[in-house]
Amino acid sequence: MQARTFNQMAKAREKPHKLTVMKSDDDRHLVFGWANVAVRIDGEQIIDWQEDAIDTEDLEKAAYEYVAEFGTAGEMHQRGGIGRVIESIVFTKEKADALGIPEDALPQGWWIGFKIQDDEVWEKIKNGEYSMFSIEGKAIREQMKGDDG
């Protein structure tokens, strides 16, 4: 896969729901991408396929808990233990600013990397069958501000 800058990756994401694998290393079975994006570069909060949204602060808390408690990759929400988290950062406005990343360079979201230890799953990533990440979680639904429904 061709390496791209953060700006290129962020701007290439036309559809808010497709969190594609952005980079992989075939020899080492490493895969990287957005686990979740809460707010686009333009400031618009993303509504997912289930009509849910997550605030950046809540995403950050969930990411920290996931990495601390589990730190593993699963396959299709059915089978766990196919890999390990090797990289994880939730980009917030504050972190981007502290890192000197321009405001329009990255969305607010969770970037993650995995070392995939299961050869069959790695083949599915390589051939494009598994081309995006999906986070599984539980939450309490709350009505969004300005939502009359």
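A residue is called buried here when its relative accessible area is under 20%, exposed when over 50%, and partly exposed in between (1.4 Å probe, protein chains only). By that cut-off Trp 110 is buried, with a relative accessible area of 4%. The model is predicted, so local features need pLDDT of at least 70 and side-chain atom pairs count only at pLDDT 80 or more, while totals for chains, interfaces and linings use all residues. Residues are numbered from 1 along each chain as its sequence is written, and side-chain values use heavy atoms, with hydrogens and water left out.

The chain has four helices and five strands. Helices (H or I, at least four residues) and strands (E, at least two) are DSSP runs, numbered from the N terminus. Along the sequence they follow the pattern α-β-β-α-β-β-α-β-α. Of the 149 residues, 34% count as buried.

Strand pairing was examined next. Two strands pair if DSSP finds at least two bridges between them. Strand E3 (residues 72-75) and E4 pair in the antiparallel sense over three bridges. Glu 75 stands opposite Arg 79 in E4. Three residues lie between the strands of this hairpin, in which Met 76 takes a positive phi near 55°. E4 also pairs with E5, again in the antiparallel sense, over eight bridges. Here Val 85 stands opposite Phe 114 in E5.

Nonpolar cores were then traced. Such a core is a set of buried Ala, Val, Leu, Ile, Met, Phe, Trp, Tyr and Cys residues joined through side-chain atoms within 4.5 Å. The largest holds 19 residues, of which Val 31, Trp 110, Ile 112, Phe 114, Ile 116, Val 121 and Ile 125 touch the most other members. Strand E2 (30-39), helix H2 (56-69), strand E4 (79-91), strand E5 (108-116) and helix H4 (119-126) each supply at least two residues of this core. Another core, of eight residues, lies apart from it and includes Phe 32, Trp 34, Val 37 and Phe 91. In soluble globular proteins, nonpolar side chains tend to be buried together.

The structure holds five aromatic pairs. Rings of Phe, Tyr and Trp (its six-membered ring) pair if their centres lie within 6.5 Å; planes under 30 degrees apart count as stacked, over 60 as edge-to-face and the rest as tilted. The Tyr 66 and Trp 110 rings have centres 5.7 Å apart and planes at 70°, so this pair is edge-to-face. Tyr 66 sits in helix H2 and Trp 110 in strand E5, 44 residues apart. For Phe 114 and Phe 133, the centres are 5.9 Å apart and the planes lie at 35°, so the pair is tilted. Phe 114 belongs to strand E5 and Phe 133 to the segment after H4, so the pair ties together parts 19 residues apart in sequence. Phe 114 counts as buried at 8% relative accessibility, as does Phe 133 at 15%. Trp 34, Phe 91 and Trp 111 form one aromatic cluster.

On a 1 Å grid over the protein atoms alone, a pocket is an open set of points where a 1.4 Å probe fits, with protein on both sides within 12 Å along at least five of seven lines; lining residues have an atom within 4 Å of a point. The second largest pocket has a volume of about 390 Å³, a volume being the space filled by probe spheres set on the points. Of its 21 lining residues, Val 39, Thr 92, Lys 93, Glu 103 and Gln 108 are the closest to the centre. H2 and helix H3 (93-99) are the elements that give two or more residues to the lining. H3 gives the most, with four.
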